[in-house]
Amino acid sequence: SKAASRLLKHGGAFYVVYRPDRLDDLMLALRQNSLAPKRMTLVYGDAQHDACLVLVEAKKSGGAGIFVTKPLLIKDNGADSADMRYIYENGEFHERFRKK
């Protein structure tokens with residue numbers, strides 16, 4: 001995150017895919033490098049397992065406050081979840097994952 005902070009302009013966005021068990025380290029590193037976490041999504045393989053990834057959007061020199069989205073399930077009953085199909089088809093998250 002030090003390199004990202006150096007390269008970003010004020011208000012620039014930084015996106016990271018990280019291990020959920022290291023989330024505390026990520027948040028500390030972001031803050032130490034003037035990157036404020038703004039949105040976080042926990043990703044689950046399916047509803048029966050623990051989170052396998054965390055997606056974080058941060059802003060350089062951003063203020064306090066983070067939006068935690070609903071969980072993203074990759075699979076639902078063995079098939080791609082509706083949210084994953086939406087991402088595949090549209091190349092972006094459904095509006096349910098954006099702050100209103």
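This is a predicted model: local features need pLDDT of at least 70, side-chain atom pairs count only at pLDDT 80 or more; totals for chains, interfaces and linings use all residues.
Close-up 1. Look for N77 in the loop between strand 6 (75-76) and strand 7 (79-80). Its backbone is worth a glance too: phi of N77 is positive, at about 55°, although N77 is not a glycine.

**Close-up 2. S34, a partly exposed residue in the loop between helix 2 and strand 2.** Here the loop joins helix 2 (23-32) on one side and strand 2 on the other, and strand 2 covers residues 35-44. S34 also has a positive phi, near 60°, and is likewise a residue other than glycine. How accessible is S34? Its relative accessibility is 41%, so S34 counts as partly exposed: that class lies between the buried limit of under 20% and the exposed limit of over 50%.

**Close-up 3. The hairpin of strand 2 and strand 3.** Follow strand 2 (residues 35-44) into its pairing with strand 3, which is antiparallel and takes in nine bridges. Six residues lie between these two strands of the hairpin.

**Close-up 4. Strand 1 beside strand 3, joined by bridges.** Strand 3 (residues 51-60) also pairs with strand 1 (residues 13-18). Which way do strand 1 and strand 3 run relative to each other, parallel or antiparallel? They run antiparallel, and six bridges join them. A handy landmark is A13, whose bridge partner in strand 3 is K59.

Methods: Residues are numbered from 1 along each chain as its sequence is written. Side-chain values use heavy atoms; hydrogens and water are left out. Two strands pair if DSSP finds at least two bridges between them. Helices (H or I, at least four residues) and strands (E, at least two) are DSSP runs, numbered from the N terminus. Buried means under 20% relative accessible area, exposed over 50%, partly exposed in between (1.4 Å probe, protein chains only).
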